[in-house]
Amino acid sequence: MPAADGPGRTGFAGFTGIRSLVNPLWCYHGFIGAVLVLCCFGVIMVFSSSTVTLVASGLKPWQRGLNQGLYCGVGLICAAFLARRSVKFYRHVAGGVMIGSLVLQMLTLTPLGVGSETTGNNGWIAIGGFSMQPAEVTKLALCLWLPIALHRSAKAYPRDGLKAYAVPGGMYVAALGLVMLGKDLGTAMILVFIGVVAFLISGFPLRYMAMLAGALGAVVAVLVISSPNRLNRVLAAYQECTDTQGVCFQSTHAKYALASGGLLGVGLGNSREKWNYLPEAHNDFIFAIIGEETGFIGAAIVILLFVVIGWCLISVAMQLDDRCFATSLVCVAVWLVGQALVNIGVVVGIFPVLGVPMPFVSAGGSSMLMCLCAAGVAVAIMRSHPQVRAEGRLD
């Protein structure tokens with residue numbers, strides 16, 4: 001640790017030159033700044049990408065943008081509240097959050113569960129005029145509870161063997177299974193990313209990890225082969241597709257949008273593909289509209305902001321003494337950055353269409369609220385770093 005830089009500012013002077021990139025204070029503020037910029041930009045792009053579709057449906061053109069702004073405002077309030085909690089608080093509530101997320105996910109299998117007409121997934125619950133996607137809560141619950149449970153299991157492993165991992169393993173499989181029962185393969189993939197990282201970092205035996213990875217791969221293969229819709233989407237992504245009016249329609253128009261954007265884009269609000277050519281332009285394929293309206297420069301800046309988020313979270317995690325919450329930070333990074341990369345990969349044709357929204361940017365109340373809650377939890381954990389905590393006392 002670098003030497004002290006005066007009262008309260010532990011080691012600030014030691015982070016010079018290239019070492020500035022791992023300065024926990026810079027990472028702390030850089031993470032918050034990147035999240036805020038993405039949220040504001042997301043509200044603008046949701047408004048821009050949805051106006052034509054709403055007008056064509058006889059609705060007000062600003063309705064979806066206004067809703068996104070409201071979700072963003074509520075999410076920021078929640079994030080600010082969560083950012084002020086201590087890590088001790090999260091250690092106490094993690095188990096309850098995990099159980100609550102499983103209960104919510106189970107409700108999708110009851111009459112309260114509703115499906116998405118566009119994707120065929122059955123991962124929503126509706127009560128009155130309110131609807132939500134419980135899987136978003138499950139992502140945060142796993143990032144928070146799973147590292148704590150796995151580190152406890154790692155301590156008990158020399159004494160109890162593999163049985164020490166029965167509880168975290170069982171809960172994780174239950175969460176993943178419930179999401180898969182809702183036919184949401186895209187969300188299940190994000191949960192797999194989170195779980196694999198958490199198990200690896202916590203010291204889960206590698207030989208069993210290889211067996212688990214093989215089992216998960218087999219399950220995914222079965223799910224893809226057993227569903228003609230999924231199989232067609234996978235085949236369309238990795239071989240030449242001639243059905244441009246069918247399974248390739250969405251991907252084809254996403255590429256048209258990116259291609260027409262050029263270097264600087266056609267200008268905000270001037271997208272052609274949003275005129276009912278590109279389905280889900282405001283949600284899963286919003287990156288295509290970003291590329292069309294703001295060009296390569298705008299798309300590159302969005303990617304850079306997610307790189308900043310991932311770098312800042314992992315950098316601070318590597319400097320924390322509490323390995324449980326360090327793992328939580330890495331899991332949040334895998335969730336937010338991994339989901340963004342999958343979303344972008346779908347748009348540019350690297351992955352098949354999976355129905356995964358871009359964090360902080362795509363339309364959707366559940367995603368926006370829970371991503372901002374995750375950001376708030378991450379800020380709270382980052383504040384436990386001595387240098388960040390010292391700056392907080394000076395403010």
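Which residue forms a salt bridge with Arg 91? I began my notes there, and I found that the partner is Asp 322, with the closest N and O atoms 2.7 Å apart; I count a salt bridge when a side-chain nitrogen of Lys or Arg is within 4 Å of a carboxyl oxygen of Asp or Glu.

Before going on, I note that this is a predicted model, in which local features need pLDDT of at least 70, side-chain atom pairs count only at pLDDT 80 or more, and totals for chains, interfaces and linings use all residues. Residues are numbered from 1 along each chain as its sequence is written, and side-chain values use heavy atoms, with hydrogens and water left out.

**Salt bridges**

I looked up where the two partners sit: Arg 91 belongs to helix α3 (residues 87-107) and Asp 322 to the loop between α10 and α11, 231 residues apart, and the pair links distant parts of the chain. Helices here are DSSP runs of H or I with at least four residues, strands are runs of E with at least two, and both are numbered from the N terminus. Arg 91 is partly exposed at 32% relative accessible area, and Asp 322 is partly exposed at 28%; buried means under 20%, exposed over 50% and partly exposed in between, with a 1.4 Å probe and protein chains only.

The whole structure holds four salt bridges. Another of them joins Lys 274 to Glu 293, whose closest N and O atoms are 3.6 Å apart. Lys 274 lies in the loop between α9 and α10 and Glu 293 in helix α10, so this pair ties together parts that are 19 residues apart in sequence. Both Lys 274 and Glu 293 are buried.

**Nonpolar core**

I then turned to the largest nonpolar core, which has 108 residues; Phe 31, Ile 309, Leu 313, Leu 329, Trp 335 and Phe 360 have the most contacts inside it. Helix α11 (residues 323-348) gives the most to this core, with 17 residues. Such a core is a set of buried Ala, Val, Leu, Ile, Met, Phe, Trp, Tyr and Cys residues joined through side-chain atoms within 4.5 Å. Leaving aside residues up to four places away in sequence, I listed the contacts of Leu 313 (heavy atoms within 4.5 Å), and they include Phe 31, Leu 329 and Met 382.

**Aromatic rings**

I found six aromatic pairs. Rings of Phe, Tyr and Trp (its six-membered ring) pair if their centres lie within 6.5 Å, and planes under 30 degrees apart count as stacked, over 60 as edge-to-face and the rest as tilted. Phe 89 and Tyr 90 form an edge-to-face pair, 5.2 Å centre to centre and with 75° between the planes. The Tyr 165 and Phe 204 rings have centres 4.8 Å apart and planes at 90°, so that pair is edge-to-face.

**Cysteines**

How many disulfides does the structure hold? I found zero, where a disulfide is a pair of cysteine sulfur atoms within 2.5 Å. The closest cysteine sulfur to that of Cys 72 is in Cys 39, at 4.3 Å, too far for a bond. For Cys 143, the closest is in Cys 331, at 5.1 Å, again too far for a bond. Cys 72 is buried at 8% relative accessibility, and Cys 143 is buried at 2%.
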